[in-house]
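Please open the structure in the viewer and display it as a cartoon.

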Amino acid sequence: MRKNFGSKPWVYPLPVLLIATYDEEGKADVMNAAWGGLYDADKVVLCLSEGHKTTKNIMARKAFTVSFAEADGVKAADYVGIVSANDTPDKTERAGYHAIGSEFVDAPLIEELSMTLECRLIKMNEDGNIIGEIVNVSADERILDADGKIDPEKLCPISFDPIRNVYVRMGEVVGKAFSDGAALK
């Protein structure tokens, strides 16, 4: 038997995205955004309201970075989601984040965040969604495996559970994509 809940914004897993931008003075800003993901093979989409400082920064600088919140940094990731840079201009520093410039886009990389998509703004669509082209993916060597690939167990990304309002640790491998299903052919 199934239970009906009606229309809800419940998607699993829902990544915890940390969007970093520079403001008009070159100061780094980071926000937590659960509404976003891949838009195409080389694009991301972010659902951000116009009132966010981050949205204003993206429109002005035409660039942003997207990093993935990690289990060991949940407090800082949550903090930048509950505090607005419109009211607390030093929220990035208060979160304990340290910004360095991307060599590919006019946006910061956050040293404490291990994996980052460096993006150039393509457009804001009619719904207000921000679409960006991924021009580079960078990762701290501490999350790479012996073959030099990103290891999700070392990255330890978290997901947002919109039903319980909690963060969930991710990373365990449970199967091999494009392979395990072949047994059913």
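Two strands count as paired if DSSP finds at least two bridges between them; strands (E, at least two residues) and helices (H or I, at least four) are DSSP runs numbered from the N terminus. The model is predicted, so local features need pLDDT of at least 70, side-chain atom pairs count only at pLDDT 80 or more, and totals for chains, interfaces and linings use all residues. Residues are numbered from 1 along each chain as its sequence is written, and side-chain values rest on heavy atoms, without hydrogens and water.

Begin with the open sheet, whose seven strands follow the order β3-β2-β6-β9-β10-β5-β4 with antiparallel pairing. Select β3 (28-33) and β4 (36-40): these are the edge strands, each with a single partner, so one side of each has no neighbour in the sheet.

Next, select residues 17-22 and 63-68, which form β2 and β6 and pair in the antiparallel sense over four bridges. Within this pair, Ile-19 has Val-66 of β6 as its bridge partner.

Contact here means heavy atoms within 4.5 Å. Then select helix α2 (residues 74-82), which packs on the sheet and touches β2 and β3.

Finally, turn to the cysteines. The structure holds zero disulfides, a disulfide being a pair of cysteine sulfur atoms within 2.5 Å. For Cys-47, the nearest cysteine sulfur belongs to Cys-119, 14 Å away.

Conventions
Axes fitted to C-alpha atoms, helices over the stretch in contact; angles between N-to-C directions.
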